[in-house]
Amino acid sequence: MNHPVLEREALHTVRLTLNGRTRSGQTRPRLLLSDFLRHELGATGTHVGCEHGVCGACTVRIDGVAARACLTLAVQVDGRQVDTVENPGGNDAVLDALKAAFKRHHALQCGFCTAGILMSSADWLQRQRANGQVPDEAAVRDMLSGHLCRCTGYTPIVNAVMEVARA
Ligand code: FES
Ligand code: FES
């Protein structure tokens with residue numbers, strides 16, 4: 001596949017579908033998707049922790065698949081679909097169920113890493129369901145191992161994800 005060579009200091013227009021709405025913004029090639037979402041498009045639900053792919057706080061879904069926004073350049077999502085925790089259309093049943101379960105189980109805690117955990121969990125649970133699998137607690141904990149929660153209260157988070165997995 002041929003990719004265009006982007007001028008380092010030039011502003012490029014990125015057009016994407018963000019949470020079901022067509023959006024566009026200007027960016028230099030080096031800007032991270034996490035910063036583009038927060039500062040150019042005002043989608044501040046996506047949080048930034050480590051900025052090198054370890055903590056998982058910045059996880060969004062790109063074309064339906066969970067991805068680290070801090071390991072993705074904004075120009076890479078041109079023409080693609082990006083979903084964040086805001087999900088203003090309310091058209092993601094699994095994500096909505098997870099948000100409600102997190103409230104019931106007091107799994108939000110300080111909320112800093114919650115957006116990323118919700119986005120990973122929604123993607124993962126949808127794939128589990130598509131494969132006809134109901135994950136057990138060990139599988140949920142394995143999935144969550146991609147996220148570092150500084151509040152450390154993993155048990156309510158596991159319980160919330162388990163509730164949706166078994167629904
Ligand atoms: S901010 Fe992206 S993984 Fe930590
Ligand atoms: S909920 Fe506070 S860092 Fe995870």
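A salt bridge is taken here as a side-chain nitrogen of Lys or Arg within 4 Å of a carboxyl oxygen of Asp or Glu. The legends below refer to a predicted model.

**Figure 1. Salt bridge between aspartate 63 and arginine 80.** The closest N and O atoms of aspartate 63 and arginine 80 are 3.0 Å apart, and the two residues form a salt bridge. Aspartate 63 belongs to the loop between E3 and E4, whereas arginine 80 belongs to the loop between E4 and strand E5 (81–83), so the pair ties together parts that are 17 residues apart in sequence. Aspartate 63 is partly exposed, at 42% relative accessibility. Arginine 80 is likewise classed as partly exposed, with a value of 33%.

**Figure 2. Salt bridge between glutamate 163 and arginine 104.** The side chains of glutamate 163 and arginine 104 meet in a salt bridge, with an N to O distance of 2.4 Å. Glutamate 163 counts as partly exposed because its relative accessibility is 31%.

**Figure 3. Salt-bridge network of Arg8, Glu9, Arg28 and Arg30.** Salt bridges link Arg8, Glu9, Arg28 and Arg30 in a network. Within this group, the side chains of glutamate 9 and arginine 8 meet in a salt bridge at 4.0 Å, N to O. Arginine 8 is exposed, with 66% relative accessible area, while glutamate 9 is partly exposed, at 46%. In the whole structure, a search finds 8 salt bridges. In general terms, side chains of opposite charge can pair when their charged atoms come close.

Figure 4. Threonine 27 is placed in strand E2, which covers residues 21–27. Its relative accessibility is 2%, so threonine 27 counts as buried, the cut-off for this class being under 20%. When neighbours within four places in sequence are left aside, the contacts of threonine 27 are Ala10, Leu11, His12, Val14, Phe36, Ala74 and Val75.

**Figure 5. Contact between domain 1 and domain 2.** The protein is divided into domain 1, spanning 12–83, and domain 2, spanning 93–166. Taken over C-alpha atoms, the centres of domain 1 and domain 2 are separated by 21 Å. Domain 1 contributes 16 residues to the contact and domain 2 contributes 15 residues. About 1100 Å² is buried between domain 1 and domain 2, and carbon and sulfur atoms give 53% of this area. Of the area that domain 1 buries against domain 2, His47, Cys55 and Arg61 supply 41%, more than any other three residues.

**Figure 6. Polar contacts between the domains and the side of domain 1 that touches domain 2.** Between domain 1 and domain 2 there are 0 salt bridges, but 6 residue pairs are in polar contact, with both residues at pLDDT 80 or more. On the side of domain 1 that touches domain 2, strand E3 (59–62) and strand E4 (65–68) each supply at least two residues. The residues on this side of domain 1 comprise 7 nonpolar, 6 polar and 3 charged.

Note on methods: Residues are numbered from 1 along each chain as its sequence is written. Chains are lettered from A and ligands numbered from 1 in the order in which they are written. This is a predicted model: local features need pLDDT of at least 70, side-chain atom pairs count only at pLDDT 80 or more; totals for chains, interfaces and linings use all residues. Side-chain values use heavy atoms; hydrogens and water are left out. Domain bounds come from an automatic or database domain assignment. Contact means heavy atoms within 4.5 Å. Buried area is the accessible area (1.4 Å probe) that two parts lose on being put together, summed over both. A polar contact is a pair of N or O atoms within 3.5 Å; within protein, one must be able to donate a hydrogen and the other to accept it, and residues adjacent in sequence count only if both atoms are side-chain atoms. Helices (H or I, at least four residues) and strands (E, at least two) are DSSP runs, numbered from the N terminus. Ala, Val, Leu, Ile, Met, Phe, Trp, Tyr, Cys and Pro count as nonpolar, Asp, Glu, Lys and Arg as charged, and the others, Gly among them, as polar. Buried means under 20% relative accessible area, exposed over 50%, partly exposed in between (1.4 Å probe, protein chains only).
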